[in-house]
Amino acid sequence: MSAHVRAAVLTHYFEVAASLKLDTRPLLRRAGLSRDMLADPEQRIPALAALTLLEDSAEASDCPTFGLRMAELRQLSDLGSISLLLAHQRTLRDVLNTSIHYRQLLNESLAMQIEEAGKLVIVREELVVEGCSALRQANELALGVFSRLCRALLGPHWQPESVHFTHEAPADLQVHRRLFKCRLAFTSEFNGVVCAAADLNLPNPAADPAMATYARRFIESLPGAHERSVVLEARKAIYLLLPMGRANIEDTARGLRLTVRTLQRQLDDAGEVFSGLVTGVRRDLAQVYLAIPKYSLGQIAALLGYSVQSSFTRWFTAEFGMTPASWRSRHQKKKKS
C-alpha cells in the first residue's frame with residue numbers, strides 16, 4: 001500500500017519557491033501534483049509525489065535548505081485540527097506520545113520513536129516511503145517542524161543537545177543554525193533530536209486539561225483517526241529497528257502493540273510476509289547509506305543488520321546485480337554528470 005500524506009505537509013511551499021524565483025509549474029507536473037491539489041491542506045496526496053517535489057525544487061533552485069525554509073515559516077496551527085490537542089498537552093512527553101498515537105493524521109509516512117538513554121532522550125524521526133531513497137529535504141522539513149513545535153510550546157526552555165541527520169552537511173549552515181540553535185551532527189546513524197530527559201517533563205504553560213479533553217473527543221470523531229495500514233506501520237517499525245539490530249518480528253509486533261501471531265495474520269491478510277518487508281526496508285536504507293561517501297561499507301553492513309561485511313555484499317549483489325562498491329561508484333559518477 002502506497003503511503004499518502006495531507007497536502008498540509010507542503011504548507012508554505014509556494015512562499016519559499018516565490019522567494020527563490022522558482023517556476024513551480026514544471027516541477028508540479030513532474031510530481032503529478034497541481035496548485036489546486038495543494039490548496040486544500042486536508043487533501044491526501046501520494047507521499048512519493050510530495051518528496052519528489054521537494055527534492056526537485058531544491059535542485060532546480062540550487063537551494064539545499066529548501067525544506068528548512070518551509071519549516072521556518074510553520075506555525076502550530078498549520079498542523080490542522082490536531083494542533084489544538086497538541087497545544088494543550090501537559091508536557092512535551094505528552095505531546096510526543098500524542099503525536100505518535102495520531103501520526104496518521106500528521107503524516108502517515110512518518111515514523112517516530114522515543115529512546116531513553118540515561119539522562120538523555122533520543123527522539124527519532126524517519127520518513128518511510130517505499131522505493132524512495134532521496135529524503136534529504138523531507139527529513140530536514142520534518143525535523144525543522146518538530147523543532148518549531150517544541151519551541152512554540154516551551155519557548156526558551158526548549159534547548160536540545162543536538163540535531164542529527166543521516167545526510168552530509170551542506171556548504172552553508174546558516175539556516176540550520178538559525179532554526180535549531182544547537183549542535184548539528186551530519187552523517188549520523190539516525191535522523192532525530194537529542195535532548196535532556198528532564199526536558200520532556202517540562203510543563204507546557206498554555207496547557208488546559210478541559211480543552212485537551214474537548215480536542216481529543218473531536219479528533220477521535222474524525223474519519224481516519226484510527227485507520228492504519230498494518231503493512232505501512234510494520235515497515236515504519238522496521239525502519240527504526242533495523243539500524244539498532246532489532247528488526248525481528250517480536251520487537252516489531254511489540255512496537256505495534258500486537259502479538260506476533262496477530263501481526264503475522266494481518267500481514268498474511270494483506271498479502272505480505274515479514275521477511276519481505278525487512279528486505280524492502282533494507283533495500284531502501286542500503287541506497288540511502290551508500291549515497292553518503294563517509295559511510296564505510298563495514299558501517300553500512302552493521303546498520304543493515306549484518307555482522308560481517310561479506311554477508312552484506314552477497315545480499316546486495318543478489319538484490320541489485322552489482323556489488324555495493326560498484327553501485328556507489330556509479331551513483332557518484334551519475335551525481336557529477
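Predicted model: local features only at pLDDT ≥ 70, side-chain atom pairs only at ≥ 80, totals over all residues.

Residues are numbered from 1 along each chain as its sequence is written, and side-chain values use heavy atoms, with hydrogens and water left out.

**Exercise 1.** Determine where Arg124 lies and which residues are its bridge partners.

Solution. Step one: Arg124 belongs to strand E4, residues 120-127 (strands, E, are DSSP runs of at least two residues, numbered from the N terminus). Step two: E4 pairs with strand E3 (residues 110-117) in the antiparallel sense over 8 bridges; pairing requires that DSSP finds at least two bridges between two strands. Here Gln113 is the bridge partner of Arg124. Step three: E4 also pairs with strand E7 (residues 192-196), antiparallel, over 5 bridges, and there Gly192 is the partner of Arg124.

**Exercise 2.** Decide whether Arg124 and Gly305 are buried, partly exposed or exposed.

Solution. Step one: buried means under 20% relative accessible area, exposed over 50%, and partly exposed in between (1.4 Å probe, protein chains only). Step two: Arg124 is buried because its relative accessibility is 3%. Step three: Gly305 has 45%, so it counts as partly exposed.

**Exercise 3.** State how far apart Gly305 and Met244 are in sequence and in space.

Solution. Step one: in sequence, Gly305 and Met244 are 61 residues apart. Step two: in space, their C-alpha atoms are 7.9 Å apart.

Technical notes: Helix = DSSP H or I, 4+ residues; strand = E, 2+ residues; numbered from the N terminus.
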